[in-house]
Amino acid sequence: SLSGSTLRSPHGCHAQYMANMGSIASLVLSVTINKEEDETESDQQRGRKLWGLVVCHHTSPRFVPFPLRYACEFLVQVFGVQINKEVELAAQLREKHILWTQTVLCDMLLRDAPVGIITQSPNVMDLVNCDGASLYYKNKVWLLGVAPSEAEIRDIAEWLIEYHGASTGLSTDSLMEAGYPNASILGDAVCGMAAVKITKRDFLFWFRS
């Protein structure tokens, strides 16, 4: 394998890209950052993942001496360290915001005001990256964002009670693949769903298009 080589011929698609650009020579440097904990590790670069590329072109053949290549590689590594810090900081801020939102929503539930997690701010959509949400509580329906109609929410709830009554909820990328018989009626607006059971007949839903 030439994956660890610093000098090698370009891949066919890169050669075509260079031809389209009118360039003869190129220098490519990869910017890598740490993988997230839940990501699978790579055999070639364990614990790292590709964030981006620095690509340099020249319109005529050009030899780049080793000291210059080494200096470029060092600069890209330093840049990668800085990017990694910013990515980790952004992840920490997102996690902090989610924890704060969870605290506020749990407080609403403890005060016996479950409707507040839908009608007030923050709401349940601030917890999950979704397109819509719904609360089915005491035979009433509240909707947020892109979500099925009230009648469709009731139908989904009855389906969950009948076929997933023993579980605490359901998470699926596709309602059709999960076996929901009326998934085709929902159209393209709703595909994936996460549902959490509040009581035996009350549910909280998140939807993805």
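Residues are numbered from 1 along each chain as its sequence is written. Because the model is predicted, local features need pLDDT of at least 70 and side-chain atom pairs count only at pLDDT 80 or more, whereas totals for chains, interfaces and linings use all residues, and side-chain values use heavy atoms, with hydrogens and water left out.

The secondary structure of the protein comes to four helices and seven strands, where helices (H or I, at least four residues) and strands (E, at least two) are DSSP runs numbered from the N terminus. Followed along the sequence, these elements give the pattern α-β-β-α-α-β-β-α-β-β-β. Of the 209 residues, 28% count as buried, a term that stands for a relative accessible area under 20%, with exposed meaning over 50% and partly exposed in between (1.4 Å probe, protein chains only).

Five of the strands form an open sheet in the order 4-3-7-6-5, with antiparallel pairing; two strands are taken to pair if DSSP finds at least two bridges between them. Strand 4 and strand 5 (169-172) stand at the edges with a single partner strand each, so one side of each has no neighbour in the sheet. From one strand to the next, the twist averages 15°, based on axes that are lines fitted to C-alpha atoms (for helices over the stretch in contact) and on angles that run from 0 to 180 degrees between N-to-C directions.

Most residues other than glycine have a negative phi. Lys138, however, has a positive phi near 55°, and the phi of Asn139 is also positive, near 65°. With a relative accessible area of 62%, Lys138 is exposed.

In strand 5, Leu170 and Thr172 make up the covered face, while Gly169 and Ser171 make up the uncovered one.

The salt bridges come next. If a salt bridge is defined as a side-chain nitrogen of Lys or Arg within 4 Å of a carboxyl oxygen of Asp or Glu, the count comes to two. In one of them the side chains of Asp131 and Arg208 meet at 4.0 Å, N to O. This pair links distant parts of the chain, with Asp131 in the loop between helix 3 (116-119) and strand 3 and Arg208 in strand 7 (residues 203-208), 77 residues apart. Asp131 is partly exposed, at a relative accessible area of 32%, and Arg208 is partly exposed too, at 43%.

The side chains of Glu158 and Arg201 also meet in a salt bridge, at 2.5 Å, N to O. Glu158 lies in helix 4 (residues 150-163) and Arg201 in the loop between strand 6 (192-197) and strand 7, so the pair ties together parts that are 43 residues apart in sequence. Both ends are partly exposed, Glu158 with a relative accessible area of 35% and Arg201 with one of 43%.

The last feature is a pocket. On a 1 Å grid over the protein atoms alone, a pocket is an open set of points where a 1.4 Å probe fits, with protein on both sides within 12 Å along at least five of seven lines, and its lining residues have an atom within 4 Å of a point. The second largest pocket holds about 270 Å³ of space, a volume being the space filled by probe spheres set on the points, which are joined across faces, edges and corners. Strand 1 (25-34) and helix 2 (66-110) each supply at least two residues of its lining, and the largest share, seven residues, comes from helix 2. Among the lining residues are Ile33, Lys49, Asn84, Glu88 and Arg94. By class, the lining has three nonpolar, three polar and six charged residues, where Ala, Val, Leu, Ile, Met, Phe, Trp, Tyr, Cys and Pro count as nonpolar, Asp, Glu, Lys and Arg as charged, and the others, Gly among them, as polar.
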